[in-house]
Amino acid sequence: MDTTTHARHAGHDHHGHHDQHPAPGGGARGAAAALPAGTIYTCPMHPEIRQDHPGHCPKCGMALEPLLPTLDDDNPELRDFTRRFWWTLPLTLAVALLAMFGHRLGWFAMATQSWVELVLSLPVVLWAGWPFFARGAASVVQRSPNMWTLIGLGTGAAFAYSVVATMAPEVFPTSFQSMGRVAVYFEAAAVIISLTLLGQMLELKARSQTSLAIKALLGLAPKTARRIAADGSEEDVPLTHVHVGDVLRVRPGEKVPVDGVVVEGSSAVDESMLTGEPLPVTKRAGDKLIGATLNTSGALVMHSERVGAQTMLAQIVQLVAQAQRSKAPLQRLADRVAGWFVMAVVAVALVTFVAWGLVGPEPSWVYALANAVAVLIIACPCALGLATPMSILVASGRVATTGVLFRDAAAIERLRQVDTLIVDKTGTLTEGRPAFERAIAADGGSADEVLRLAASLDQGSEHPLADAIVRAARERGLTLARPEGFESSSGVGVRGSVDGRRLALGNGALMQQEGVAVQAQQAQAEALRAQGASVMHLVERGGSPDHADRPDRPGRLLGLLAVSDPVKASTPQALAVLHRAGLRIVMATGDGWTTARAVAQRLGIDEVHGEVKPADKLALVRRLQQEGRVVAMAGDGINDAPALAQADVGIAMGTGTDVAMASAPVTLVKGDLRGIAQARALSRATIVNMKQNLGFAFVYNALGVPLAAGVLYPFTGWLLSPMIAALAMSLSSASVITNALRLRGTRT
């Protein structure tokens, strides 16, 4: 099977126009025809499992998922488990209540109550729990024992034993009788099934967040493009109908449909969602355009050069998907020994059964069955299964109070080992939006007057730089005049009249058009640019409305204004805390080298990379990982998504894009990097707590299994009945939960 070809086909319709669904967890009916031919399916827990049709993983029994989700797909396995859980939860609660309080209520004779519990638990075990038995059976067939093997054996043994005790109580010795019946464990089997279903639902919901990054990326692309025909007529066509060489019109406020080149017009294009550049980029004839970026002001005519899977957006989608699949989920500590543990428990149960049957007191085979079931019940991995999730649950809640959200256990486990942190600049170290920095007047004029005139003129502009200037003037209480004759020249600046003065505000290209020399402030402008600021000049234009007969009157430089993306107030302290924690800080930004170096020098960053593209950030993460470093990546933009997915721990700013947050297993809600140090400290405490919990669980099994097997019977006559085994199992779970709750008091 050519997996490369299949993968390419699976990602071809990258704009998500098909709305088909992958195979359901309980078996796909017609799902193979629902997705494009050649779609590759893989296991979320074992990425090396790949096939060209839906099904289940031969290693763990989980439903296989398509490599690349579509905009409209959902998780059929989650839907299936949710239905099984809610439909049978009332039955589980009823069985549990009868087991605990039935003898006090006196509704039934105890022998009759066993039949009632059997009827109530039958749908829970045989229908709701069927996927778990199927996974357990698959693990046996594939000779890869895991937690599903124990869950299947434990619940199956408890249920089967209880059925025999209900239907043929006479085969058990009188010592097994309690309150008029042989003790049954229907509630243990039902409760374990319901709790396992709930755990799977929570895990599936968390895992589905990884595909949200790709769905959010797919949703960025416009659904249609305006195509100009050879005869000059125009029509809106679906994006999938756009071909290389088509001539397209992009109107103000519209998204660029595909990658291409400008052939007519000029405009400021906001590329921040893909490149990380905070300020719009001027585009004129001959300049390249990136699909899904936003045309802010002027109209453009473009030639399409790359469409479909060849666009930069589609390539970022592929990078995110590949990075997510290249890293198998971190297996829980319990799973590392599950294989040996399961085989040991099954071996002990078999030895117990045979030994009691051959040499035990009469009725020897009844004792053999009861003790073997007690071994399986006491070894049922409730405490073992709770050990890691409970620590993760409590730790996640604890760290959330500091503004950090964890999406999975792997991130908490891995964060403590991180030694290198890669940070984006825009929106991570900085605020991510333009802010007015300062105005400098020429020839001894007033800086406030320069700001007032520029802000008055910019009231007619929708450019982000203009918004920053107007906002700053209003914050300073300056009285703004109404501009007249306002006109915007895309990419260079604006013109108009304020208080009867003809003004122009813009970059060097506009100054050349106006014939105004700006050398007097050139040194100041360059110094501001070196600090990462965008500089605009304000000039009074030649001539005036009152002197129309004097068009040769020279223009006059009034001053300059600087707008920049300011560093967050919390950033310097956050970086100092991270440095003290022993982390190496690396900055990778799409901004120019001059700005990147200026910010890095100001903040004491160890290593800096400027003018990087999304693929460059991904390559940087991989290079550092190959050097043996454990890498965390912090970013807020779509351009960061591939690197966030590839990093050992991806950290998204809560103030950033949905794509970044969906790509990263850790989110800083307030966008404050200090949360990383706090989360790292809690990560260490959580791992210690998890190991303690696993220790409790294994010690409990090490003591409980021999007791259940009856090793003390020859010396003391003690036997651990299945009922006592179930109680001990519950107490072990309680000890694990209690220990995990101690994390709530951990200081970070």
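At what angle do the axes of helix 2 and helix 4 cross, and within what distance do they come? Before the reply, a word on what you are looking at: this is a predicted model, in which local features need pLDDT of at least 70 and side-chain atom pairs count only at pLDDT 80 or more, while totals for chains, interfaces and linings use all residues. Residues are numbered from 1 along each chain as its sequence is written, and side-chain values use heavy atoms, with hydrogens and water left out. Helices (H or I, at least four residues) and strands (E, at least two) are DSSP runs, numbered from the N terminus.

The axes of helix 2 (residues 76–105) and helix 4 (residues 130–141) come within 11 Å and cross at roughly 125 degrees, where axes are lines fitted to C-alpha atoms, for helices over the stretch in contact, and angles run from 0 to 180 degrees between N-to-C directions. That angle makes helix 2 oblique to helix 4, since angles under 35 degrees count as roughly parallel, over 145 as roughly antiparallel, 65 to 115 as roughly perpendicular and the rest as oblique. The residues that meet are Glu 77, Phe 81 and Arg 84 from helix 2 and, from helix 4, Trp 130, Pro 131, Phe 132 and Arg 135; contact here means heavy atoms within 4.5 Å.

Turn next to the sheets, where two strands pair if DSSP finds at least two bridges between them. Three strands form an open sheet with antiparallel pairing in the order 2-1-3, and its edge strands, strand 2 (50–51) and strand 3 (65–66), each pair on one side only. Strand 1 (residues 41–42) is joined to strand 3 in the antiparallel sense by two bridges, and Thr 42 has Glu 65 of strand 3 as its bridge partner.

Another open sheet has six strands in the order 17-22-21-20-19-18, again with antiparallel pairing. Strand 17 (435–441) and strand 18 (484–489) stand at its edges, and because each has a single partner strand, one side of each is left without a neighbour in the sheet. From one strand to the next, the twist averages 20 degrees. Helix 13 (residues 447–458) packs on this sheet, touching strands 17, 18, 19, 20, 21 and 22, and its direction makes about 85 degrees with that of strand 20. Helix 14 (residues 464–475) packs on the sheet too, touching strands 17, 20, 21 and 22, with a direction about 75 degrees from that of strand 17.

Within this sheet, strand 21 (residues 534–540) is mostly covered, for seven of its seven residues are buried, a word that means under 20% relative accessible area, whereas exposed means over 50% and partly exposed in between (1.4 Å probe, protein chains only). Ser 534, Met 536, Leu 538 and Glu 540 point one way from the strand, while Val 535, His 537 and Val 539 point the other way, and all are buried. Four bridges join strand 21 to strand 20 in an antiparallel arrangement, with Leu 538 as the bridge partner of Leu 505. Strand 22 (residues 556–564) is antiparallel to strand 21 as well and is joined to it by seven bridges, and His 537 has Leu 560 as its bridge partner there.

Some loops also deserve a look. Most residues other than glycine have a negative phi, and most peptide bonds are trans. Ala 292, however, has a positive phi near 80 degrees; this residue lies in the loop between strand 12 (288–289) and strand 13 (294–295) and is buried, with a relative accessible area of 1%. Thr 293 is found in that loop too and, at 0% relative accessibility, counts as buried. Asp 499 likewise has a positive phi, about 55 degrees, although it is not a glycine, and its place is in the loop between strand 19 (493–498) and strand 20 (501–506).

Finally, consider helix 22 (residues 674–709). Its expected span is 1.5 Å times one less than its number of residues, so its 36 residues should span 52 Å, which agrees with the 53 Å between its end C-alpha atoms. Helix 22 is followed by Gly 710, whose phi is positive, near 90 degrees.
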